[in-house]
Amino acid sequence: MKIQFKHNGITVFESSLYRTTTTIIELGESILIIDPNWLPIEIEYLQNYITLNYNDHQKYLLFTHSDFDHILGYGAFPGAKVIASVAFVKNENKNEILDQILEFDRKYYISRNYPIVYPATDIVIEKDYYSYSIENFECIFFNAPGHSKDGLFMIIPEKNLWVAGDYLSNIEIPLIDDNFESYTTTLKKAMEIFTEFSDVHILIQGHGDITKERAEIQQRIENDTSYLKMLKKYSLNPNQIDLIELEKFVLKYANNTELLDANKNNIRQLK
Ligand SMILES: [Zn+2]
């Protein structure tokens with residue numbers, strides 16, 4: 001499995017599918033595993049990596065949100081303490097999410113040697129600034145709805161680290177699967193977090209390339225904010241000129257027409 005980044009006990013793995021990231025963070029005699037994903041061979045790679053490097057460490061699992069691609073590895077890491085948001089725990093679509101995993105596996109003839117179940121959460125993040133320490137490392141959490149209802153941001157100040165889930169990607173436009181207003185509020189919150197935690201300069205997002213530069217984090221927040229503004233403007237008054245401008249902006253994220261479909265979904269979401 002591709003290792004995209006390795007520094008100061010932070011290792012970011014990248015799946016061949018959708019460039020989805022899995023992160024393992026070393027925190028003393030513990031490790032925090034974030035969104036382990038996708039293919040069986042990739043999950044196996046992660047398991048072996050952990051056995052080789054962190055066999056005796058206490059394991060924690062963080063799920064940034066409940067999209068099926070982010071939770072499908074859960075069953076492969078038994079015994080880990082699970083961290084997720086209160087909305088993740090209360091999610092009413094658990095069966096639908098599990099069905100999406102099973103459907104994916106059926107479609108590609110994938111068989112897994114671990115059970116597909118919805119994660120049971122041990123540590124429930126109730127509110128913004130919720131603090132949970134793993135050994136001497138403080139992890140600070142923020143609710144981040146908009147992409148999904150149950151998204152989370154996590155900051156680890158001592159690691160200068162921000163884990164953003166499916167926000168602030170460099171290769172994906174905002175995917176508004178939950179709600180436009182919530183997404184806008186979450187981006188405002190992102191800018192506040194960026195300002196408040198002025199030593200944070202490593203950003204890990206769910207898909208694409210991590211960044212180590214504050215200037216780029218700021219740029220990503222601004223890009224996504226601009227996109228939402230253009231999307232809103234277009235949806236209030238649909239016209240060809242604004243659509244062309246919007247689609248041009250979308251293709252700056254990545255020259256991939258899939259993003260135009262994602263943009264259409266967002267337009268539908270706003271109707
Ligand atoms: Zn995702």
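Trainee: Which residues does Tyr 60 touch, leaving aside those up to four places away in sequence?

Mentor: Ser 30, Ile 31, Leu 32, Ile 33, Ala 80, Lys 81, Ile 83 and Ile 134. Keep in mind that this is a predicted model.

Trainee: What makes Tyr 60 and Ser 30 count as touching?

Mentor: The cut-off is 7 Å between C-beta atoms. Tyr 60 and Ser 30 are in contact, so their C-beta atoms lie within 7 Å.

Trainee: What is the bridge partner of Leu 32 in E5?

Mentor: Tyr 60. Leu 32 is also on the contact list of Tyr 60.

Trainee: How do you know that strand E4 and strand E5 pair?

Mentor: Pairing needs at least two bridges. Strand E4 (residues 30-34) and strand E5 (residues 58-62) have five, in the parallel sense. Therefore they count as paired.

Trainee: Which strands stand at the edges, and why is one side of each left without a neighbour in the sheet?

Mentor: Start with the order: E1-E2-E3-E4-E5-E6-E7, an open sheet with mixed pairing. Strand E1 (2-7) and strand E7 (123-125) stand at the edges. From one strand to the next, the twist averages 20°.

Trainee: Which residues touch the most other members of the largest nonpolar core?

Mentor: Leu 32, Tyr 60, Phe 153 and Met 154, out of 65 residues. Helix H6 (residues 214-236) gives the largest share of this core, six residues. In soluble globular proteins, nonpolar side chains tend to be buried together.

Trainee: Why is Tyr 54 called partly exposed?

Mentor: Count its C-beta neighbours inside 10 Å: there are 16. Buried needs 20 or more, and exposed means 12 or fewer. The count falls in between, so Tyr 54 is partly exposed. Tyr 54 lies in helix H1 (residues 40-54).

Trainee: How far is Tyr 54 from Glu 29 in sequence and in space?

Mentor: They are 25 residues apart in sequence and 8.3 Å apart in space, C-alpha to C-alpha.

Trainee: How does the reach of helix H5 compare with the span expected at 1.5 Å a residue?

Mentor: H5 (residues 180-196) has 17 residues. Its C-alpha atoms, first to last, span 24 Å, close to the 24 Å expected.

Terms used. Residues numbered from 1 in each chain as written. Predicted model: local features only at pLDDT ≥ 70, side-chain atom pairs only at ≥ 80, totals over all residues. Helix = DSSP H or I, 4+ residues; strand = E, 2+ residues; numbered from the N terminus. Core = buried A, V, L, I, M, F, W, Y, C linked by C-beta atoms within 7 Å. Contact = placed C-beta atoms within 7 Å. Expected span 1.5 Å × (residues − 1). Axes fitted to C-alpha atoms, helices over the stretch in contact; angles between N-to-C directions.
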